[in-house]
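Welcome, and thank you for opening the viewer.

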Amino acid sequence: MKFKATVFIRLRSQVDDSPGNAVRDCCKRMSDLDIRKLRLGKVIDIHLQAPDREYAIQELNLLSDTFLANTVMEDWSFELEEIDSFPRGVSEVG
């Protein structure tokens with residue numbers, strides 16, 4: 001089965017986001033929007049093949065918790081959708 005996973009990684013709320021504060025301050029100088037808080041994060045798109053959905057979820061949990069996110073400072077979640085085919089440029093052969 002073919003899947004597309006989108007992994008979302010965000011700093012925990014109690015962790016100071018200095019880069020996010022710098023981006024917020026710059027946005028406030030460039031725009032009239034009243035931006036009160038801005039936090040940066042990461043989004044990782046993964047196209048994968050797995051025997052079934054349960055196995056894909058199990059392995060994405062493992063990767064997210066041990067490698068993709070720094071769980072001391074970051075929380076993570078992901079969305080997983082089954083796809084018919086990989087997008088152009090993604091190899092069908094592993």
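Throughout this tour, contact means heavy atoms within 4.5 Å. This is a predicted model, in which local features need pLDDT of at least 70, side-chain atom pairs count only at pLDDT 80 or more, and totals for chains, interfaces and linings use all residues. Residues are numbered from 1 along each chain as its sequence is written, and side-chain values use heavy atoms, with hydrogens and water left out.

**Stop one: alanine 50.** Select alanine 50 and display what surrounds it. Not counting residues up to four places away in sequence, alanine 50 touches Met1, Phe3, Tyr55 and Ala56.

**Stop two: the core.** Now widen the selection to Phe3, Ala5, Leu48, Ala50, Ala56, Leu60 and Leu80, the seven residues of the largest nonpolar core. Such a core is a set of buried Ala, Val, Leu, Ile, Met, Phe, Trp, Tyr and Cys residues joined through side-chain atoms within 4.5 Å. Buried here means under 20% relative accessible area, exposed means over 50%, and partly exposed lies in between (1.4 Å probe, protein chains only). Which elements each supply at least two residues of this core? They are strand S1 (2-11) and helix H2 (53-68). Helices (H or I, at least four residues) and strands (E, at least two) are DSSP runs, numbered from the N terminus.

**Stop three: the sheet.** Colour the three strands and read off their order, S2-S1-S3, in an open sheet with antiparallel pairing. Strand S2 (41-49) and strand S3 (74-83) are the edges, each pairing on one side only. Ignoring direction, neighbouring strands of this sheet are turned by 15° against each other on average. H2 packs on the sheet and touches S1, S2 and S3, while its direction makes about 155° with that of S3. For these angles, axes are lines fitted to C-alpha atoms, for helices over the stretch in contact, and angles run from 0 to 180 degrees between N-to-C directions.

**Stop four: along S1.** Strands count as paired if DSSP finds at least two bridges between them. S1 and S2 pair over nine bridges; follow phenylalanine 8 across to its partner in S2, valine 43, then arginine 10 to glycine 41. S1 and S3 pair over ten bridges, and there threonine 6 has glutamate 79 as its partner in S3. Is S1 largely enclosed or open? Seven of its ten residues are buried, so S1 is largely enclosed by the rest of the structure.

**Stop five: glutamate 74.** Select glutamate 74 in strand S3. Glutamate 74 counts as buried, at 11% relative accessibility. Its side chain reaches the backbone nitrogen of asparagine 70 at 2.7 Å. A polar contact of 3.4 Å also joins the side chains of glutamate 74 and lysine 42. A polar contact is a pair of N or O atoms within 3.5 Å; within protein, one must be able to donate a hydrogen and the other to accept it, and residues adjacent in sequence count only if both atoms are side-chain atoms.

**Last stop: two cysteines.** A disulfide is a pair of cysteine sulfur atoms within 2.5 Å, and a search of the whole structure finds zero.
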